[in-house]
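Ready for a bit of practice with strands and rings? Have a look at the structure, then try each exercise before you read its solution.

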Amino acid sequence: MTGYGTLWPMSMSETPVSTYRNFIDGQWVPAESAATFDNRSPANQDDLLGRVPMSSAADVGQAVAAARAAFPHWRLAPAPRRAEILYRAAQILSDRKQDLAATMTREMGKILDETRGDVQEAVDMAQLMAGEGRRMYGQTVPSELRDKFAMSLRQPIGVCGMITAWNFPIAVPSWKILPALVCGNTVVFKPAEEAPASAINFVQALADAGLPKGVLNLVLGDGPGAGAPLLAHPDVSVISFTGSTETGRLINQACAPTFKKVHLEMGGKNAILVMDDANLELAVDGALWGGFGTTGQRCTAASRVVVHEKVYKAFLDAFVARAKTLRVGDGLDPNTQMGPSVSEAQLQRVIEYVAIGQQEGARLATGGTRLTTGAWSKGFFHEPTVFADVTRSMRIAREEIFGPVVSVLSCASLDEAIDIANDVAYGLSASIYTQDINKAFVAMRDVYTGIFYVNAPTIGAEVHLPFGGTKATGNGHREAGTAALDVFSEWKSVYVDFSGKLQRAQIDVVDI
Ligand code: NAD
């Protein structure tokens, strides 16, 4: 295998700064255009990992052609054999976990514990989907006519275009690519601009696991240049997208003329509800991890905490005290608890929302400032920030910030807490802290999100359950679990009549 097999085991000193290549038809190939942009560490802008090609419609066209050519053979490969490649990929990813995590931390900033978890999620998904190679259940059902057999089965769809965000640079692609592959589809993958090396590493692992050429193709570049051509391409049948709601809307519109199947996983504004009977220490732990894990850059981040007025002050004091102690720095340092924002633009968004919160009259309880001294000066660091006395109409309580900013709101009852939780455009995740099982079940039923936790924060999904959200978070599909198979396969209902005569359903009633 030519190309970037050497990319994954790298440390800063031994890394050659090269221009990354696309992976098309089993080969690492340069993009047609010589234009590139830099892949630099958000913790240290002096650390240049590589140069990312600005691929264009021409590169996408080649990748789609390769995927299309590979489809007839891959479609007919027995699913258990396809699954063997996924099992091998799981092992390879597991073996390379430390190195892949280190590269991921370098290029997008989250701390090593989290990047190791990101790779582990892909391992889990590979194992889960490999298992599907021997299941992928359909139905066999009785027929209403004699001597007739009825069943449903899944069939692959064709070439799937995967467009992903940077915050889970191996996990999220694995949620899409692995179910698509086990179902018998072929793939063109356009990863986020901010995490190309992780995409390369993931693709290399699958290539090393023995994926035939053309089955998985990688095209690097930006959204308009390398993503948009996939949406317009007539030979792409499915688009699976993870990213912002704004981009998701554009994608949906762009795919409409060719009736592509479109799977959208988009933004969130997730709430933790803390009731007056909650274990407050546990709730503070959860709010810290949910709000500041991944520097708040998770679609499931707990960016709102709705606290019962009876425990509001006690919770807030403890939460703020803990937020102040979080160690912010380079994610490669094992002592760091919170890394940088992924980019200057993302950090500017955080700074903008801090100003908005202050203008709206929320009380800045801690944080609110960019960190610029010492080692922080080379990256995109910001203090963990808590706004208190936030009301539900404020923009900081309604809009996705995607940074280390948590809004704390007060409520007078469970009903009001649920109402606040639901009163946003998004519907990804929510959670409740309570010791009262009745309250937990009411909230579980009435909070309209795709994911719900009891006595745990809004983050921490496991791969064998469906993942996704309602309202402006999603368009009705789910990743992960067996639900993912629904995105990447079509149902076919099959009737086999072995009576030897014409039998008409609904008309020829069988005598018994
Ligand atoms: P983004 O929408 O800016 O970009 C996502 C991807 O879309 C990138 O690969 C980008 O290149 C591509 N893209 C951009 N414009 C395009 C276009 N016109 N045509 C085709 N592709 C285009 O999002 P981001 O900033 O990378 O990620 C952050 C967002 O992702 C947040 O809103 C977050 O909530 C969301 N997210 C959601 C989930 C989920 O599962 N619901 C998971 C992770 C992240």
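**Exercise 1.** Find out how strand β14 (residues 363-366) and β17 run relative to each other, and how many bridges join them.

*Solution.* Start with the terms: strands are DSSP runs (E, at least two residues), numbered from the N terminus, and two strands pair if DSSP finds at least two bridges between them. Here, β14 and β17 run antiparallel and are joined by three bridges. Next, zoom in on L364: its bridge partner in β17 is F387. Now go to the other neighbour: β17 and β18 pair in the parallel sense, over four bridges. F387 turns up again here, standing opposite S407 in β18. This is a predicted model, where local features need pLDDT of at least 70, side-chain atom pairs count only at pLDDT 80 or more, and totals for chains, interfaces and linings use all residues. Residues are numbered from 1 along each chain as its sequence is written, and side-chain values use heavy atoms, leaving out hydrogens and water.

**Exercise 2.** Work out why β17 is largely enclosed by the rest of the structure.

*Solution.* Check burial first: buried means under 20% relative accessible area (1.4 Å probe, protein chains only). Five of the six residues of β17 pass that test, so the strand is largely enclosed.

**Exercise 3.** Say which residue's charge lies over the face of F168.

*Solution.* The rule wants NZ of Lys or CZ of Arg within 6 Å of the ring centre and within 35 degrees of the ring normal.

Key: Buried < 20%, exposed > 50% of the residue type's maximum accessible area, 1.4 Å probe, protein only.
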